[in-house]
Amino acid sequence: GMTVGELADRYLELYARPRKKSADRDEALLRRNVLRHWENRKVTTVKRADVAELLDKVVARGACIQANRTHSVMSRMFNWAVEREIIEHSPVVGLRAPVKEKSRDRCLSDDELRRVLCGLDGARMSAPSRLALRFQLLTAARPTEATGARWDEIVWDEAHEANAVWHLPGDRT
């Protein structure tokens with residue numbers, strides 16, 4: 001019988017990495033929330049109650065949205081295992097995401113944005129993180145778009161460097 005760790009490795013290699021931009025995030029969620037508890041557990045022994053208990057632990061430590069994302073990744077992984085006939089039934093079927101998410105309407109005011117940008121220089125974070133956050137705030141880009149920016153996407157005005165334009169390819173938006 002295959003272990004959950006082996007299933008996760010196969011799922012990431014054969015499904016997630018070739019098809020999903022978020023494969024690294026899937027792997028991080030699986031490693032942090034699933035594999036640290038079940039890496040050597042046989043896949044066929046995982047029941048719906050086990051999945052619910054595992055997700056409840058993630059919620060209990062205050063990571064509610066992460067619990068929902070873990071539910072989603074586990075659902076995809078176990079459904080993939082069913083398609084491959086590794087297991088007969090997914091233990092996630094019939095189990096809802098642990099937390100109801102609320103959409104956010106809040107955005108920073110001009111004054112709040114100014115304070116965040118001015119405060120970045122004194123923030124206790126690595127220089128690359130500080131620069132990525134500044135770039136993200138100044139361009140209104142999503143985190144993955146900002147951190148994935150490449151120099152060849154930026155068109156420079158040699159006479160006026162402040163007039164540079166970032167052309168974000170449609171396949172990364």
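Author: Let's start with a word we need: buried means under 20% relative accessible area, exposed means over 50%, and partly exposed lies in between (1.4 Å probe, protein chains only). This is a predicted model, where local features need pLDDT of at least 70, side-chain atom pairs count only at pLDDT 80 or more, and totals for chains, interfaces and linings use all residues. Residues are numbered from 1 along each chain as its sequence is written, and side-chain values use heavy atoms, with hydrogens and water left out.

Reader: Which residues of α4 are buried?

Author: Helices here are DSSP runs (H or I, at least four residues), numbered from the N terminus. Helix α4 covers residues 64-83, and what covers its buried residues includes α1, α2 and α3. The buried residues are Ala67, Asn68, Thr70, His71, Val73, Met74, Met77, Phe78, Trp80 and Ala81.

Reader: Is threonine 44 buried or exposed?

Author: Threonine 44 is found in the loop between α2 and α3. Its relative accessible area is 53%, so threonine 44 is exposed.

Reader: Which residue does arginine 31 meet in a salt bridge?

Author: A salt bridge is a side-chain nitrogen of Lys or Arg within 4 Å of a carboxyl oxygen of Asp or Glu. At 3.7 Å, N to O, the partner of arginine 31 is aspartate 9.

Reader: Is glutamate 27 buried or exposed?

Author: The side chain of glutamate 27 meets that of arginine 17 in a salt bridge of 2.4 Å, N to O. Arginine 17 lies in helix α1 and glutamate 27 in helix α2, so the pair ties together parts 10 residues apart in sequence. With a relative accessibility of 18%, glutamate 27 counts as buried.

Methods. Helices (H or I, at least four residues) and strands (E, at least two) are DSSP runs, numbered from the N terminus. The expected span of a helix is 1.5 Å times one less than its number of residues. Contact means heavy atoms within 4.5 Å.
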